[in-house]
Amino acid sequence: MSFIVAIDGPAGSGKGTITKLIGDKLNLVTFDTGAMYRAISYHMIENKIGLDENEKIKKMLEEIDIKLDFSSGKQELYLNSKKLVTELRTKEVNQIVSQVSHIPDVRWAMVKLQRKLAEGLNVIMEGRDIGTVVFPNADVKIYLDASAEERAKRRLKQNIENNITNMSYEEILENIKLRDNNDKNSEIAPLKQADDAILVDSTNLTINQVVNKIIDIIKKKQKQQIIDKKVYEETPDTPFKRFRLKLVRKIVYYAFYKLVFRIKKIDEKNLPDEGAYIVCANHVNMLDALAVVCSCKRKVRFICKESMFKVKALGWALKLSDTIPINRDKNDIESMKRSIKALKNGEVLGVFPEGTRKGMEKNIKAKSGAAFFSLRTGTPVIPIGIQGSFKPFTKVKLVFGKPLDFSEYYGKEKDKETLEKVTNIIMDNIIMLTNKNK
């Protein structure tokens, strides 16, 4: 499992220096992706390959061999077994590297190489499109920026340190502005800040200040991932765990729901004694999921937003009942896999199609998750109408509907119209049950 830090930004913003320092401090493998494009540019100059000679460029990409070596403690780039250092920063390379990086065949060849190099590693990578194209799902995304004037000063200093003195400050500034324009207006992977990237403006910051700021961001993300990992960890199914769950359900049901809410079950016979099914209810209160769990003869595994697991006592109860966490801010593949697996194992899955409490009152469109799971696994849906406000010592009714058979739609879970149709049928039945026997 890789941990990826993507640092994007314009030329001269300090990406290379900052990336190297952070990589050393946090033991992350560092990739200078700009050096890869510079190597291509150098090779094209040496072999007199023009920017518009597409066939020659394609052949070059098939034959060229770029390797990165980190054995010395820093990145060293080899082009066809030749180590390149000062060759990457010549005036000639600087003049064409931006244009070379905009050639589609070059761009996608380097993206493929960068992804391959990062497989299975904890990586910090900098470039123009790392967080938007190369690793759109990077764990941390930083957009490092600085004024053009400040970047020109830094590049001049860097060139002097590398004994490159053939470009003046004015030439470097003009080159940076030209490259900014090319990069930002490119049709191929333009330079831009990813929607979920954090902007760090280094114009008036020292190198250490920038490094420390980004390290804080990375460490917070790593800490959050540890917490998230614990949320998704499944506790082993043991006899003692099953005994505790059964005991807790009975205590909560008889000492709390029967006494405080005078709960009543109607048409409980509609719940099958065996086999997989999905229960779908209206969501009126934060206590209704527990009411369903405690009222059903079989264990019901509800799908619940992952933030609820981070409340210590509540998290313990959710783990005990094998509740399935879901991150609503992303396409939570792990949650979907776990839900499908539960149904295939003959378990009972609980879903609130409204997605949030009192979703119907808020006029929120019902979610299609229950319909998707039903059609994907060939599982019936049992609607539940919850009547009552869950105010202490008022009546609460759970009205169980007859199983809904969607066998005519099985296998059509990817069809949006079918999903919407099945979701509407589920919601219509829930609404009907909320008014039954009132």
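**Reading the features**

Author: Helix α11 (residues 288–295) is mostly covered, with 7 of its 8 residues buried. Buried means under 20% relative accessible area, exposed means over 50%, and partly exposed lies in between (1.4 Å probe, protein chains only). Helices (H or I, at least four residues) and strands (E, at least two) are DSSP runs, numbered from the N terminus. This is a predicted model, where local features need pLDDT of at least 70 and side-chain atom pairs count only at pLDDT 80 or more, while totals for chains, interfaces and linings use all residues. Residues are numbered from 1 along each chain as its sequence is written, and side-chain values use heavy atoms, with hydrogens and water left out.

Reader: Which residues of α11 are buried, and what covers them?

Author: An α-helix has 3.6 residues a turn, so residues three or four places apart point the same way. In α11 the buried residues are Asp288, Ala289, Ala291, Val292, Val293, Cys294 and Ser295. Their cover includes α10 (239–260), β9 (263–266), β10 (277–281), β11, β14 (381–387) and β15 (396–400). Contact here means heavy atoms within 4.5 Å.

Reader: How many residues of strand β7 are buried, and which strands pair with β7?

Author: Two strands pair if DSSP finds at least two bridges between them. Because 5 of the 6 residues of β7 (residues 140–145) are buried, the strand is largely enclosed by the rest of the structure. Strand β1 (residues 3–8) runs parallel to β7 and is joined to it by 4 bridges; Asp8 stands opposite Tyr143 there. Strand β8 (residues 198–201) also pairs with β7 in the parallel sense, over 4 bridges, and Ile142 stands opposite Ile198.

Reader: What are the two faces of strand β3?

Author: In β3 (residues 66–69), Ile66 and Leu68 form the covered face, and Lys67 and Asp69 the uncovered one. Strand β4 (residues 76–79) is antiparallel to β3, with 4 bridges between them. Tyr78 of β4 is the bridge partner of Lys67. The hairpin has 6 residues between its strands, and Gly73 takes a positive phi near 95° in it.

Reader: Where are residues other than glycine with a positive phi?

Author: Asn80 is one of them, with phi near 50°, in the loop between β4 and β5 (82–84). Asn80 counts as partly exposed because its relative accessibility is 37%. Asp267, with phi near 60°, is found in the loop between β9 and β10. Its relative accessible area of 22% makes Asp267 partly exposed.

Reader: Where does Ser307 lie?

Author: Ser307 is in the loop between β11 (300–305) and α12 (312–320). Ser307 is partly exposed, since its relative accessible area is 34%.

Reader: What is the radius of gyration of the chain?

Author: The radius of gyration is taken over C-alpha atoms, and the globule rule is 2.2 Å times the number of residues to the power 0.38. The chain has 29 Å, whereas a compact globule of 438 residues would have a value near 22 Å. Its C-alpha atoms fill a box of roughly 90 × 45 × 40 Å along the principal axes. The chain has 15 helices and 15 strands, and 46% of its 438 residues count as buried. Among contacts between residues at least 6 apart in sequence, 75% join residues at least 24 apart.
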